[in-house]
Amino acid sequence: MTLIRFFLFGLFVTLISLPSLAQQSQYEFRGVWIATVLGIDWPPQNASVEQQKAEFIRQLDLHKRNGMNAILAQVRPSGDAFYPSPYEPWSQWLTGVQGRAPVPFYDPLAFMIQETHKRGMEFHAWLNPYRAEFSIGKSSIASDNMIRKRPDWFVTYGTTRYFNPSNKQVQQFVIDVVKDIVRRYDIDGIHMDDYFYPYPIGTKPFPDDYAYKQSGTKLSKADWRRANVDSMIRNLNIAIKAVKPWCKFGISPFGVWRNASQDPAGSNTKAGLTNYDDLYADILLWLRMGWIDYVTPQLYREIGDHLIPFETMVDWWAKHSYGRHVYIGHGVYRYYEAGNTNWRKPSQIPDQIKLLRKNPGIQGSVYFNSKSFDRNPAGWNDSLKNNYYRLPAKIPPMSWLPERPNH
């Protein structure tokens with residue numbers, strides 16, 4: 001009896017010391033963004049093909065140990081490609097020079113998908129829709145880049161060149177790029193981030209006066225810009241589902257749609273800019289119309305933030321999902337910001353996970369960024385693998401999509 005009592009007492013202590021295990025659902029999306037622009041996460045600069053492969057596998061294995069079940073890897077960071085594309089040149093961040101194929105030749109996207117699936121994780125191909133030249137004069141531009149072939153498709157804003165969102169040929173080109181990926185690769189989803197119309201540069205106007213006047217529209221310029229993005233999102237979803245009806249389409253917007261001071265439907269926040277008013281991305285419309293399957297708001301704020309409180313935004317997005325999935329974006333990278341004491345607290349990420357798990361309108365998390373986990377910031381790797389993500393979770397099913405055929 002003494003041994004049994006001792007065993008039961010030990011079991012009780014274990015259970016109360018791991019409260020999050022009891023709260024954990026069988027289904028939970030747990031993703032990590034792997035950024036390739038500027039080589040933020042991958043690949044390492046001047047790395048050989050073997051070194052590139054080894055580094056990607058190292059990051060994958062780290063995330064698998066931490067309990068993750070999805071990877072969102074950037075495969076089109078700036079009008080370029082991390083795969084052999086019939087539309088765009090090889091990325092300069094892969095080989096150092098745009099348009100140069102890897103030697104010895106390999107297909108990084110096919111490799112990434114294969115290694116991700118081998119570990120039982122989903123792979124979402126992350127694309128930037130409009131960025132074309134990251135830093136004008138400093139970026140490598142290949143001879144077959146659309147910037148050289150169709151200069152009329154582009155506008156310059158600040159030090160960056162963009163595909164013009166109002167150009168119907170541009171919209172179709174982006175759709176063709178996406179359809180090509182969906183058709184040729186065994187991806188689980190297409191993912192786009194927050195860069196639609198670019199973030200404002202002070203009071204500098206975005207140079208689309210001529211296009212606006214030429215359109216002959218009766219819409220205000222702001223509504224016209226939103227309509228341009230809306231039509232691309234709607235048509236992207238149609239194109240994706242026409243090729244693979246089970247393929248997911250998700251957007252990762254800036255954390256705030258609109259402030260309540262601007263719109264009664266907005267959040268109780270004091271954001272200096274918003275998706276709707278400054279990036280011309282009406283995320284709620286896309287959710288309401290069923291044009292996207294999930295939203296991953298970038299809530300890179302701490303609990304109790306004085307302008308955009310994390311807990312306020314979790315609740316707001318849960319209430320505005322229109323039945324689609326909400327995966328919250330966490331800013332793990334903020335641990336490394338100088339003087340940011342809130343993000344040095346070991347409890348910050350665990351407390352955020354606890355908040356999500358109490359809210360039935362939230363289906364999971366995505367973390368930015370991959371390499372931020374390398375040094376086990378605030379012990380969060382340990383918290384995830386030993387506690388919060390100790391038990392594996394399945395990807396939450398989407399009832400409105402057909403089941404994916406077996407690999």
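**Entry 1: helix α5**

In α5, I found P108, L109, F111, M112, I113, E115, T116 and H117 buried. One thing to keep in mind from the outset is that I am reading a predicted model. Helix α5 runs over residues 108–118, and eight of its eleven residues are buried, so I noted the helix as mostly covered.

Next I asked what covers the buried residues of α5. The cover includes α3 (49–65), β2 (70–76), α4, β3 (122–127) and α7 (168–184).

I then checked the two ends. At the start of α5, a side-chain oxygen of D107 comes to within 3.1 Å of the backbone nitrogen of L109. Just after α5, G120 has a positive phi of about 70°.

**Entry 2: strand β3**

β3 was already on my list as part of the cover over α5, so I looked at its own burial: six of its six residues are buried, and the rest of the structure largely encloses it. I sorted the residues by face. E122, H124 and W126 lie on one side, F123, A125 and L127 on the other, and all are buried.

Which strands pair with β3? β2 pairs with β3 in the parallel sense over six bridges, and A70 has E122 as its bridge partner. Strand β7 (residues 189–192) also pairs with β3 in the parallel sense, over four bridges. There I noted I190 of β7 as the bridge partner of A125.

**Entry 3: strand β10**

I moved on to β10, residues 325–331, where seven of the seven residues are buried. H325, Y327, G329 and G331 point one way from the strand, while V326, I328 and H330 point the other way. Strand β9 (residues 294–295) runs parallel to β10 and is joined to it by two bridges. In that pairing, H325 of β10 is the bridge partner of Y294.

**Entry 4: S365**

Is S365 buried or exposed? I found it buried, with a relative accessible area of 1%. S365 sits in strand β11 (residues 364–368).

I looked up its surroundings next. Leaving aside neighbours within four places in sequence, S365 is in contact with F29, R30, G31, Y327, I328, H330, L356 and Y389. One of these, H330, also makes a polar contact with S365, side chain to side chain, at 2.8 Å. H330 is the β10 residue I had listed with V326 and I328 in the previous entry.

**Entry 5**

By type, I recorded four nonpolar, five polar and two charged residues. α4 (92–95) and β4 (131–133) each supply at least two residues of this lining.

Then I turned to open space. The largest pocket holds about 660 Å³. Its lining has 22 residues, and E122, K248, I395, E403 and R404 lie nearest its centre. These lining residues divide into eleven nonpolar, five polar and six charged.

Note on methods
Residues are numbered from 1 along each chain as its sequence is written. This is a predicted model: local features need pLDDT of at least 70, side-chain atom pairs count only at pLDDT 80 or more; totals for chains, interfaces and linings use all residues. Side-chain values use heavy atoms; hydrogens and water are left out. Buried means under 20% relative accessible area, exposed over 50%, partly exposed in between (1.4 Å probe, protein chains only). A polar contact is a pair of N or O atoms within 3.5 Å; within protein, one must be able to donate a hydrogen and the other to accept it, and residues adjacent in sequence count only if both atoms are side-chain atoms. Contact means heavy atoms within 4.5 Å. Ala, Val, Leu, Ile, Met, Phe, Trp, Tyr, Cys and Pro count as nonpolar, Asp, Glu, Lys and Arg as charged, and the others, Gly among them, as polar. On a 1 Å grid over the protein atoms alone, a cavity is a set of points where a 1.4 Å probe fits but cannot get out, and a pocket is an open set with protein on both sides within 12 Å along at least five of seven lines; lining residues have an atom within 4 Å of a point. Grid points are joined across faces, edges and corners, and a volume is the space filled by probe spheres set on the points. Two strands pair if DSSP finds at least two bridges between them.
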